[in-house]
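Here is a short briefing on a two-chain model.

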Amino acid sequence: MNILLIEDDDEKRKKITDFLLNNYNPTIMHKKSFHSGLKELVSFKSYDCVLLDMSMPSFDITVNDSEGGSPESFAGRKLLEQMKFRFINYPTIVITQFDSFGEYKEKRSLEELKNELSEKYSPIYKGTVYYSASENDWQNILKEHINSIIKEQND
Amino acid sequence: MKKLKFGQNNLKSWKSSSMKKKSQQLKTEDRLLKRILSDINSSSNPLKVLYLFKKNSSLAELSKYFNEVISSKKIFSSNLRIHKLVQTEEANIHIEDSFIHKPMDLLRELVWTALTLNSYNSYLKDFYLKRDALENSLLLNDFEISLSLLDEIDRKYGKSLWSIKNRLNILQRKEGLDAQKAYAKTLKDSSISTSSKILIYLFSIGAEENISYDYYERITNKFFERFNIRSLFEYYKYKINAEYIPDEDLYISHILIHERTSSLVDMYETFLNLLSHIVCMNFKPTNELDVFIRIVRKMYKNVPDPRFVNILRMLDVYVPLTELEKNETILNIFDNFEQANYLEVIQESERILSKNPNYTSLYQPYLESIYILNEQISLDSNTLLYEILVKYQDMLTTNDNTQNAINDLFKLLVTYSNLSISNQILSILLNYLIDEKSYKSKVGYISTSIFNLFKHNIYSENIKEKYIQEYTTVYSSAPSLQLLINFNAKEESFLSFLENKHISERSKTTLLSLYYFTKKEYEHTAKIALNNVYTSDVILKNTVQTMFILSLLRQNKHIEAMKEVINTYFINKNTMAILPVIDIVDVIIENIEKTFKWPSEIDAPILFYLCTISRNHDTESRTEYLYEYYLVSHDYKRPTDLISDYINNQNGFDEKTIFYLDKICIPEIMKTSLYIDDYIDAEKERIKVCHHLISIDNKNEKRYLQEIKDREQNLFIKNESSRIEKNKIYVDIEGIKKSYSKELKNDYDRLMSLIETNSYQRDSEVEKIIDVLKNIPSEEKNVTYEEAINSLYISNISSNEIDDLFQKIIELSRDIFVKNEHYGLDVYLSTKIRHGTISNHLRKPLEKENIITLKNSKLNEYEENAYWSKLFYNLESSEITLIQSKLKNFSKRHDDIIKNLTNNLLQVTTSDHINTNMDGKIIENENKEALFKYNFTNIELKSIFYSFLDKDLDYDVFISNILQVLWDKTDVNLKNIRNVLDTIIYPQILKNFNDLQNDLQVIDKDISPLKNAIAQSRTEMNQSFKNLIAWFARMEDSEINDYEIKSAIDIVKNIFRKQENNLKINIDNMPYLKGKTLDSMVDIFFIIFDNAFKYSRLNDKTPITINIEYVDSMMNIYVTNEIQSSSSIDELNGSIDIIRLNYGTTEATLKTNKEGRSGFNKIWKILTKDLQIPEHLLNFGYVQNSNNPDIIEFYVDLKINVKGLVV
């Protein structure tokens, strides 16, 4: 199973990778920013599944650019948008530690975000997993989503 | 509790009994009424009976018994508002009623309102006459008449918010801002209701002349931001802009209910205005609509307000032509216009409009006639009518003022939203803006009481037919009327009609274009447009061109339509407002999704870009994609590839390509492209594009040079400084400033204008408090001045319009600084700190030593620690269970501490200490434990404002002072956070370790590996926590690192692409300059270099020598460059004497400001104003080269006292 994991947080990436290695027999390609993720998506490689973080820097962090451009709160959504524009159809799961910010009505809940993604990017968008470093539930939900993708592909 | 007799079942039984024999009907109905009245009389809660009567009766029953029920003794004595709608005191407007209930369906609420109004027929019967007279006098600036009419209306029909709004507007126009504000203040200080006060406050801002529509909308949105009672929010929104109608029926009903507690005039005006909108919406008639129509007909019979005519026609009731509609003079104007008798049109229109300025149907023929004859509007130029006409003319002729005219008209329609003219302005605007498909474009016709060529189009076919029939019977020969019939005729008859009636060529063109478009004969429409490509008649051209573009769209020729729109835009950029941009974009998007193919024409990125910036449409990301798609589909990867290819092949750069390079090839758009490597790459690519654009599009050289300068400087800062250190608190100040210039400039301008017109009085009591706080001896302080003033909230501090506006500016600036989605502090906190980072950081030392496990979310408990179970396999199971239990507790407590930190403490709050809603109730602060506190107390705001008043109020300085205030607040927050982390959170973590270590003491077996792991982890935690505390700091002093003066010169060198061999730089003993001076130093060298190139006549090969030395706090800059001139040195020096003489004078500085601040006087401004340098000397002139007297050199000798600015 070929998986593209676009995630900038080292710890989170490691834990997701460990989970994938323990449960599947995947080949995992890692990318760490919106831009490097996009480049990988348009490469002619074939992926069975894309795992996408929501907030990431716009570019990879390098010696010259210690911040990787600027942080993009909704980089994951932008990548889904780019996939739609470029007619790329990999099944995609968003894995986020989504932290709502803002006050009052500006505050956006994870539910609202899920609804928006589902409305705009189905069928490539398969679901969202809420990741927490201190809980294990995300593993079960991620497993359900990946299994469902595998089942769909086998059908 | 006594059971109410008048229940739903009873009503049903009444209804069923009423279905019995017809002969008994009258008797039965009488019995029904008697029973209702008897229930009211016998009930202890007559209002509940009234409620059930309203809720459960059929509309016919409501209509029939309303008056009797309402006037029954018990209801009458219930102190209901319905009986007291005419109030003689403002204080009695908007008093809560005891008959309050949730709204019922819209039709029922409309019926109830109409019945209530019908009971006031005797009052209302001539109100419309006074109202029309008032509107006319206001449009003609007859303010004495307006005020006297308002007084009369107040006396006769009672006080109303409608009247107050008019009075504010009249006072603003008649006597100016002061008078208007003074009146608003008297009302504010009176015992008027809170709701009325809020509305008057907003009306008063809306009446101000210097504020724009967008700005007013922002103010009101901001005002209602925290308003969580939607019904009330929708009501207020409607009251401040009667063109705003809620989307949902429920909220329209709420408006009607709220209005029933105000006044008769407000209720009547709101009813008619809402009805005008409702009948133009997709109004779905119900079975009981006929009852409502009967009531409206009755109202019209008693109150012959002309607005009822079109409302009834829209309700499918034919109302015969009114006398006004049959006015022959008006019809003649239309006939004359069609027959090109433009002078007559002008003369007659002016005669009529000077008496009846609200006959808006005449505006277009009048203005077009003026345009065709190249005449001027000769109506009184001081009037509101004139103002509207001029703006409409600017729209029709698509000139440089068009967009401003549209914005101004939007503002006027809000200001005068309680008058009919606002509906008509709205229709004019919406019919003009081709993308706007709102039903509201029809609303203006409702209040059009005279003939209008298009009014009948809003009626149903049946009514339209009768209307046209009656017109043509009355005036069989009028060509304008016959047009209404012949427009549906076959082509041949229509053409012969146009010929026979001597319709002018111009009208023929317009009418045929419309005719063919309606008949879907698009090729003819195209032909007409092509025939008129070169016409100088802009109005005609715009009309046929728009028809042509729309016809291309109708034929699915969206690419051609797109090209046509972009071509039209490039011919006249002011046509943007009338081009169907959104229509085309929508069709293109639909087509891409169908065909999986994007358009490769250059027009596509331009169209999407224009749509994004001018229509606020959600097309930004598609513009980004189209930027790249255009390049790639033409075998380029980057803009510079395209430029090189064009240059190599000697292709000229057309206007579209230049636009694409200038506006679209910018880092913000390019950064999504696959062919841009990183942020720096995007910036460098843009700089290269700008360098090329200087020669490709030389007329904009200055703008491109400025952009290069800004970008080079930012790159230098990014490269040289470590300001964005990982995990440091950061706010993108450049981004914030961009946002400020968009969001804050209007507020700033308004504040300056208010300060200018009002002499601002400081509150001496407040000043005393501020002084006390500032002067507490430092040894007695355990808090800073900022902390002290932020904790002091003093009630009853006086505030006026200026204070309120300043508060708004500070709050808006704060919100952008803190919450902006792209640049604000919270986005950094969210992505860099809260977003899992802290959790990972503070869990890592524990995970490393295997003393923490994960929580099983489903079971809501922590997992077993397999590591220690395995290691301690030889322990008793009870001991293992104990260890597992202690480790689980430890894990939970540790995660809870982190959770509290991220979810509650490291959050942002902007709430005030005392935060109340409109009713004065305290609102619970959502983020009450948040440590990033950005609230301002009232005294703190005063203190900030007073300090601002002591400083330069120039926009740039003002913004920089605001940013300083916000950074100061951030520093206070960071200090507090470091303290909380150190003294509260860290001890909590340590306690958790202690507890675990103590808990494990009870096990007497050897578990030293675990104990060691805990100890090790504890030590590592100490370091991790220190690191965490260090995240909460920001760079001191400035955002830019201190720098060498050579860096400033290098930036300028890059701007001018100066080769090393033409530039000699000698720097001696110069210390580093403080980061904050970089921008100014770059500006100074930019001016010197620019001057050298401009006047040397040796272009960019000009050899320049720069010598800089530092002696006794003085930075001495001596710059020379060779020049080529046939004049003598004396002559040359003589030619610049005046510049030398004027250097630093007020006159020259003002000129500098006006001319975009270039030249040596800008150096003076930079040094004295921006850098506040007390002492400098500038000398310049022409000299002979010391080695070769044949060479003339220009020198600049600048000596700056940089004490305090060097490191």
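A residue counts as buried when its relative accessible area is under 20%. Lys455(B) has 0% relative accessibility, so Lys455(B) is buried. The model is predicted.

**Interface of chain A and chain B**
- About 4800 Å² is buried between chain A and chain B, and carbon and sulfur atoms give 48% of that area.
- Chain A brings 50 residues to the contact, and chain B brings 58 residues.
- Eight salt bridges are found across the interface.
- One of them joins the side chains of Glu72(A) and Lys671(B), at 3.4 Å from N to O.
- On the side of chain A that touches chain B, the elements giving two or more residues are α1 (10-23), α2 (34-42), β5 (71-72), α3 (75-85) and α5 (137-154).
- The largest share of that side, six residues, comes from α3(A).

**Salt bridges**
- Over all chains, the count is 82 salt bridges.
- Glu259(B) and Lys239(B) pair through their side chains at 2.8 Å, N to O.
- That pair links distant parts of the chain: Glu259(B) sits in helix α15 (residues 249-259) of chain B and Lys239(B) in helix α14 (residues 230-240) of chain B, 20 residues apart.
- Both Glu259(B) and Lys239(B) are buried.
- Lys455(B) bridges to Glu325(B), with the closest N and O atoms 2.7 Å apart.
- Lys455(B) is in the loop between α25 (443-446) and α26 (461-474) of chain B, and Glu325(B) is in the loop between α18 (307-314) and α19 (328-338) of chain B, so the bridge ties together parts 130 residues apart in sequence.
- Glu325(B) is buried too, at 1% relative accessible area.

**A salt-bridge network**
- Asp662(B) and Lys663(B) form a salt bridge at 3.7 Å, N to O.
- Asp662(B) is buried at 8% relative accessible area, while Lys663(B) is partly exposed at 29%.
- Shared partners join Asp662(B), Lys663(B), Glu683(B), Arg686(B), Arg703(B), Glu707(B) and Arg711(B) into one network of salt bridges.

- Ser891(B) lies in helix α49 (residues 877-905) of chain B.
- Ser891(B) is buried, at 1% relative accessibility.
- Beyond its neighbours within four places in sequence, Ser891(B) contacts Ile851(B), Ile852(B), Thr853(B) and Tyr862(B).
- Leu530(B) is in helix α30 (residues 522-531) of chain B and is exposed, at 57% relative accessible area.
- With Val533(B) and Tyr534(B), Leu530(B) forms a nonpolar surface patch of about 380 Å² of accessible area together.

Terms used. Residues are numbered from 1 along each chain as its sequence is written. Chains are lettered from A and ligands numbered from 1 in the order in which they are written. This is a predicted model: local features need pLDDT of at least 70, side-chain atom pairs count only at pLDDT 80 or more; totals for chains, interfaces and linings use all residues. Side-chain values use heavy atoms; hydrogens and water are left out. Patches are made of residues with over 30% relative accessible area and no salt bridge: like charges are joined within 9 Å, nonpolar side chains (Val, Leu, Ile, Met, Phe, Trp, Tyr) within 5 Å. Accessible areas come from the Shrake-Rupley method with a 1.4 Å probe; for residues, only the protein chains shown count as cover. A salt bridge is a side-chain nitrogen of Lys or Arg within 4 Å of a carboxyl oxygen of Asp or Glu. Helices (H or I, at least four residues) and strands (E, at least two) are DSSP runs, numbered from the N terminus. Buried means under 20% relative accessible area, exposed over 50%, partly exposed in between (1.4 Å probe, protein chains only). Contact means heavy atoms within 4.5 Å. Buried area is the accessible area (1.4 Å probe) that two parts lose on being put together, summed over both.
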